[in-house]
Amino acid sequence: METEKNGNITQVHQNNSTKAKGSVDSYGFEKPDGYESYEEMMTEYLAVLTRRSAKWSKLMKGKVKVENNLKVKRYVRKGVPNEHRAQIWMAASGAQAQMEKNPGYYQSLLGMDQQRDPKLEETVRTDMHRTFPDNVHFRNSSETCLQNVLYNVLLAYGCHNPSVGYCQGMNFIAGYLIIITKNEEKSFWLMDALIGRILPDYYTPAMLGLKTDQEVLGELVRVKVPAVWQAMAQHDVMWTLVVSRWFICLYIDVLPVETVLRIWDCLFYEGSKILFRVALTLIRHHQAELLQATSMPELCERFKLITQGAFTNDCHTFMQEIFKEPGSLSMGTVTKLRETCRGRILAEEVSVSP
Amino acid sequence: MSRKKNLKGKGSSKSSIASPNKSSNNGKSGNGIGSVAPSNGVVYPSRPSVSSSGEFYDMAFKVMLVGDSGVGKTCLLVRFKDRAFLAGSFISTVGIDFRNKVLTIDMLKVKLQIWDTAGQERFRSVTHAYYRDAHALLLLYDVTNKASFDNIKAWLTEIHDYAQQDVVIMLLGNKADATHDRVVKREEGESLAKAFGVPFMETSAKSGLNVELAFTAVAKELKHRSIKEPDDPKFQLQDYVNKEMKTAGCCSS
């Protein structure tokens, strides 16, 4: 991997514009089936992007920090143009501040050969060829293969936060960060912001935060889409079965790339509450389809289908929907539900352990 | 919410996977069986059902794939389901997922609902909630990865703790095609399996070696268990496997 002094990965763009053209999208992913309708949407979306881009350039002129006010929040919800994305994510999440406060820290993590945990290295290595094989930049055969960069970011993170180490799913998250920032060190600090501050403890060995948020979603569905909650109970489907990937992968490989990035804009700026808004929107918008299921397998199948199609492809409209469809959702509600569900899970785990 | 989690307990009420026939489903947890369900929890063979994909089947079973991360669980499943192996096209499994396949066993349509699980240790707290409903477990290790073989004992303990007592277990040494990278001999797999009293074979999702057989043998065993005809000789899973299985390499089969 070619890495400049400042940590920027140089060849990504080149690759994008030359041989990658045609069969892959602008991020290097193979175009999925139904890409034509996606492209149609993108043609219209491009006009939106151009408009937003001009506005963002004006807003960010001469600034490094992203202010915390209603105007910026509105701007973020309407989407961060790709050229500003790395900067906005870094600033909004506090990753930029951490990186500036700790110069050389990332490199030092990768330098500590002796203290490295061989098990961590092995676990990370196992997933290298299993991260985005459908992306030209992550293929072994690619001359600009980003697998080394991915390996470094994950290994550094595991050393930085040994209580998490490496959890499957983090490979996809780091992969997206690398694609967007094109910078190893920035990707590392964004991982730190996400896992250390923005998300609850999804990735620790006990995965308590993940289990909690799955139950929290269940509680929210019980109130906001009671019929679906009923169906889940009737067919005896645990939430973890249908939504664990939504949370662990932060919608990567669940929703289309462009939609995931728009969700992440809000995730970095507003926090983890956004994950519930997305889930509730998917479920509420498709409740008629979900309720047609007559068995557990069918319900699971339908949960997969509702993430596909025009509704989720059209990221701009989808992002407007997530702030309308589920109705009000305050951080206070989420915090309270998290406390209740966490307590319940801990109590159950004590009584259930073999 | 977490309805199943607090129902843990071994050997008692074995629940079956959902059947599309919902007429007599009183909403009781775990029993999606519409027709008369024998105590072993299979769909009664005299009433064919239709799966959600529209395929008819006489009985249905739940099979789980377990084993360390990277041993090839998803590849094995895809090879069996779609008869395909696309090198370098798999992504690490996060969480849990399942696929159905209907097999014909002795003129009966047997539907296997095959659950694929994430192998990483921390996901087990999420996945072991599903063990108790499983009729069979395919436990995989990778013949090119010693650690995955050494962990088999820990996996068997985990299975013992969470699965039904009479669950069908089969040990599979996968990636048997990788002659050059092999570090676990077939004999080692055999003797481990013998020590724990479980049937064993080597498989290759890449070449297809024994993949069909692994699932068919399990389906046969489950079918025989569910309909015991008085004159039927008892089905011997290990004998059947020994008779049918092929060994990796050229001349030993």
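Select helices H4 and H10 of chain A: H4(A) passes H10(A) in a left-handed crossing (the near helix is turned anticlockwise from the far one by less than a right angle; clockwise would be right-handed). The model is predicted, and local features need pLDDT of at least 70, side-chain atom pairs count only at pLDDT 80 or more, and totals for chains, interfaces and linings use all residues. Residues are numbered from 1 along each chain as its sequence is written, while chains are lettered from A and ligands numbered from 1 in the order in which they are written.

H4(A) spans residues 82-93 and H10(A) residues 184-198; their axes come within 10 Å and cross at roughly 40°. Axes are lines fitted to C-alpha atoms, for helices over the stretch in contact, and angles run from 0 to 180 degrees between N-to-C directions. Helices (H or I, at least four residues) and strands (E, at least two) are DSSP runs, numbered from the N terminus. The two helices are therefore oblique to each other (under 35 degrees is roughly parallel, over 145 roughly antiparallel, 65 to 115 roughly perpendicular, and the rest oblique).

Next, display the side chains between them. A:Ala86, A:Trp89, A:Met90 and A:Ser93 in H4(A) meet A:Lys186, A:Leu190, A:Ala193 and A:Ile198 in H10(A), contact being C-beta atoms, placed from the backbone, within 7 Å.

Now move to chain B, which has 7 helices and 8 strands. Colour the open sheet of 6 strands, ordered E4-E5-E3-E6-E7-E8 with mixed pairing; two strands pair if DSSP finds at least two bridges between them. Its edge strands are E4 (96-105) and E8 (200-202), each pairing on one side only.

Centre the view on E6(B), residues 136-142, which pairs in the parallel sense with E3(B), residues 59-67, over 5 bridges. Here B:Gly67 stands opposite B:Leu140, and B:Met64 has B:Leu137 as its bridge partner. With E7(B), E6(B) pairs in the parallel sense over 7 bridges; B:Met170 in E7(B) is the bridge partner of B:Leu138.

Is E6(B) buried or exposed? Of its 7 residues, 7 are buried (20 or more other C-beta atoms within 10 Å of its own; exposed means 12 or fewer, partly exposed in between, with C-beta atoms placed from the backbone). B:Ala136, B:Leu138, B:Leu140 and B:Asp142 point one way, and B:Leu137, B:Leu139 and B:Tyr141 the other way.

Notes. Contact = placed C-beta atoms within 7 Å.
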